[in-house]
Amino acid sequence: MNHSIEEVIKAAKIYLPNLNERRLYRAYEFAARAHEGQIRKEGSPYIVHPVSAAYILTGLRVDEDTLIGALLHDVPEDTTYTLEDIEKNFGKKIAFLVEGITKLSKVHYRHNMEERQIESLKKMFIHSAQDIRIILIKLADRLHNMSTIGAIPKPEKRTRIAKETLEIYVPIANLLGIWELKGQLEDLCFKTLLPEEFEHIEELAKESALSHSDIVKRSISQVKRMLAANHLYDFEIEGRKKTLYSIYRKMVNKGRSFHEIYDLIGIRVIVDDIGECYQVLGVLHQNYTPKLGRLKDYIAIPKSNGYQSIHTTIFGVDGALSEFQIRTKEMHLESEYGVAAHYFYTNEKDKKKSFKKMQKKAGWVKKILEVQRNAQNSHYLDDLKLDIFQDRIFVFTPKGDVIDLPKDANIIDMAFHVHSDLGRRAAGALLNGTKESLNTTLKTGDVVEIITSEESQAKIEWLYSVHANLSKHRIKEFLKTLSTEKSIESGWRILDSRIKVYGYKGVNFLSEEQKNKLIEKFLQKNWDLLLCNLGNGNINVNDAIAELFSKSELIGEEINTDYMKAYVEGSDRVHVSIAPPKIHKVHLKIETINRVGMLRDISDVIAGNGVNILKISTMILNEGSSSELEFFLEIRNINQYENLVYAIHEVPGVLKVNRVQSDESAQINSNDFHKELSQ
Ligand code: MN
């Protein structure tokens with residue numbers, strides 16, 4: 001990743017035809033003189049670093065001042081030359097950029113780790129409001145440092161830098177939508193923090209690269225011909241590269257094998273206007289079989305971060321699953337370069353519009369900072385950092401105020417974000433004018449009017465259905481104000497219902513031995529206190545369940561999906577098995593009212609959760625007033641299972657969902673079943 005000043009100038013001239021080469025060269029010579037005699041850890045002269053950072057920035061097509069700022073970025077900090085010297089030689093604007101970067105690095109050195117991370121996070125955001133270019137230089141600086149991180153001898157130091165990068169720089173790159181840079185940073189962090197896993201995936205990717213690139217090539221030429229046959233000639237089509245870290249994360253989060261992710265072909269088609277996007281989609285769907293449920297129209301409904309494209313997955317060349325992204329040039333520019341696209345590439349006419357978009361992002365950032373400033377509790381700050389990692393959605397109050405929430409947030413989340421009191425008394429909601437239950441998941445653009453009632457109050461179950469950490473925090477605060485009797489009652493209820501979800505008989509059937517095991521494990525004085533702490537959220541009911549029943553009785557080993565979280569909480573390493581995920585056979589008995597379409601509705605929910613159905617049987621009960629449906633399913637992990645049970649409960653007319661704990665379900669041979677299917 002080391003580059004020369006000639007390479008920087010060459011790369012910049014491609015998109016900056018009027019580049020003042022002499023000015024750039026003067027900055028280079030100034031920096032080279034200032035850093036004279038300094039040697040980097042990996043053995044090269046120091047000047048290589050600022051020059052390489054400037055080269056990275058040419059990839060973002062930044063302006064001339066930003067390149068000069070990058071060349072000079074370490075001068076006041078690490079040499080005898082001062083900011084005044086820079087101002088004298090290069091003017092106020094450049095000095096302003098360099099000063100911004102110098103300030104950022106000071107924040108790093110002063111505080112202990114936790115504080116410093118938060119501080120630098122804040123500072124960077126605040127600076128972003130002032131000048132986005134300072135952040136871009138800082139990101140390029142970090143990317144180059146990460147690329148040479150192997151030269152740092154102390155492993156603790158490498159880990160610390162990589163963690164900081166993952167926790168602060170990656171989310172910022174993500175926030176600004178600079179995907180290319182974000183992906184590179186992530187892969188370097190991945191390599192530093194989980195070297196074995198990194199190597200393993202790198203190895204697998206090398207093995208598969210050849211056959212993979214052949215299919216991509218053939219897909220591209222086939223699609224080119226089809227588009228031409230439909231009189232579409234002016235487009236770009238390219239294969240999309242997946243980063244190793246993104247593959248790894250999908251393996252861990254979604255429990256998929258390497259090949260399921262890697263072998264999914266990624267192709268991007270870029271056209272001139274929106275009409276053509278839909279034309280391309282039409283051509284693809286006419287010629288190939290689309291995979292159900294995979295068409296996503298982010299042009300009609302952009303993602304909360306403004307991302308636009310059409311995504312569809314088809315069975316392409318040789319039946320290979322291929323995901324297409326279709327977008328216009330403008331959308332492409334924005335998705336590749338993020339905010340930089342607005343800052344540097346828009347003509348005067350579009351500048352205003354772009355600026356508004358940028359400000360919208362900045363507004364969100366400001367809000368986070370405010371919450372952080374007011375928060376006293378440090379654990380709460382950790383939670384908040386987690387929220388920043390997740391995709392956000394934006395929903396509206398009836399008055400039109402925007403509330404931003406993490407992805408998958410529900411109506412309870414929304415209520416607690418507006419106000420603690422509104423959350424506590426929420427009884428239901430009008431979602432876009434229709435009455436919906438509190439558990440309903442929200443999407444960007446939803447208008448939500450919370451309905452409150454005096455009798456209604458927050459309960460322990462909510463703690464397990466909300467998604468935002470702020471809501472969890474506020475629910476717990478409220479539960480702590482309830483009486484001991486009430487908490488014991490709630491604790492009993494949540495434990496009982498959870499036990500039953502897994503096919504056991506309930507709290508009343510627990511043995512004294514099992515109860516004592518829980519009391520001891522959670523360091524409680526007696527059974528009532530244990531229930532009380534379950535009821536107010538001090539003890540997590542899932543931990544209690546895991547203690548009561550062995551993991552295999554529940555559902556196999558649960559894969560740790562919270563990779564990021566583990567780092568934030570400071571544990572050193574997360575162990576994740578790379579082996580293909582286990583499939584667990586699960587037998588569900590579902591009691592429902594007898595109505596037309598019930599079987600189909602439930603089957604749809606199961607398929608919609610990505611669960612494979614092995615066998616179904618139905619039985620009419622109570623002289624036709626209700627039915628019992630039995631499903632034999634293949635479940636990947638406990639999260640998938642819980643989501644599924646929850647979703648089935650939501651189907652209108654479902655009375656009961658029970659898991660049958662027996663090995664009769666294990667006797668169905670999945671291969672035989674597939675044979676039956678294909679006959
Ligand atoms: Mn630097």
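This is a predicted model: local features need pLDDT of at least 70, side-chain atom pairs count only at pLDDT 80 or more; totals for chains, interfaces and linings use all residues.
Ser-322 belongs to strand S6, which covers residues 321-328. Its relative accessibility is 2%, and because buried means under 20%, Ser-322 counts as buried. Apart from its neighbours within four places in sequence, Ser-322 is in contact with Leu-264 and Ile-265, and also with Thr-312, Thr-313, Ile-314 and Gly-316.

The loop between strand S5 (310-315) and S6 holds Asp-318. In contrast to buried Ser-322, Asp-318 is exposed, with a relative accessible area of 62%. The backbone of Asp-318 also deserves a look: its phi is near 55 degrees, a positive value in a residue other than glycine. Most residues other than glycine have a negative phi.

Leu-523 is another residue with a positive phi, again near 55 degrees. You will find Leu-523 in the loop between helix H25 (512-521) and helix H26 (527-535). Leu-523 counts as exposed, at 76% relative accessibility.

## The whole chain

Stepping back, the protein chain has 32 helices and 15 strands. It consists of 679 residues, and 49% of them count as buried. The accessible surface comes to about 33600 Å², with 50% of it belonging to carbon and sulfur atoms. Among the contacts in the chain with a separation of 6 or more, 68% are between residues 24 or more positions apart.

## The manganese site

Which protein residues are the donors of the manganese ion? They are His-49 and His-73, each through NE2, together with Asp-74 and Asp-141, each through OD. These donors lie 2.2 to 2.3 Å from the ion. Along the sequence, the donor residues follow the spacing H-x23-H-D-x66-D.

Is helix H4 enclosed or open? Eight of the eight residues of H4 are buried, so this helix is largely enclosed by the rest of the structure. Its buried residues include Glu-64 and Asp-65, as well as Leu-67, Ile-68 and Leu-71.

## Helix H15 and Val-283

Val-283 is part of helix H15, residues 274-287. With a relative accessibility of 4%, Val-283 counts as buried. Leaving out residues up to four places away in sequence, Val-283 touches Met-226, Leu-227 and Asn-230. The C-alpha atoms of Val-283 and Ala-229 are 9.6 Å apart in space, and the two residues are 54 residues apart in sequence.

## Aromatic rings

The count of aromatic pairs comes to eight. One of them joins Phe-190 and Phe-198, whose ring centres are 5.5 Å apart. Why is this pair called edge-to-face? The planes of the two rings stand at 75 degrees, and planes over 60 degrees apart count as edge-to-face. Both partners are buried: Phe-190 has a relative accessible area of 0%, and Phe-198 has one of 7%. Phe-190 and Phe-198 also form one aromatic cluster with Tyr-245 and Tyr-248.

| Arginine | Ring | Distance from ring centre |
|---|---|---|
| Arg-40 | Tyr-46 | 5.8 Å |
| Arg-659 | Tyr-641 | 5.6 Å |

For Arg-40, the position is over the face of Tyr-46. For Arg-659, the charged end sits over the ring of Tyr-641.

Notes: Residues are numbered from 1 along each chain as its sequence is written. Side-chain values use heavy atoms; hydrogens and water are left out. Donors are N, O and S atoms within 2.8 Å of the metal (3.2 Å for Na, K and Ca); water is not among the atoms, so sites may look incomplete. Helices (H or I, at least four residues) and strands (E, at least two) are DSSP runs, numbered from the N terminus. Buried means under 20% relative accessible area, exposed over 50%, partly exposed in between (1.4 Å probe, protein chains only). Contact means heavy atoms within 4.5 Å. Rings of Phe, Tyr and Trp (its six-membered ring) pair if their centres lie within 6.5 Å; planes under 30 degrees apart count as stacked, over 60 as edge-to-face and the rest as tilted. A charge sits over a ring if NZ of Lys or CZ of Arg is within 6 Å of the ring centre and within 35 degrees of the ring normal. Accessible areas come from the Shrake-Rupley method with a 1.4 Å probe; for residues, only the protein chains shown count as cover.
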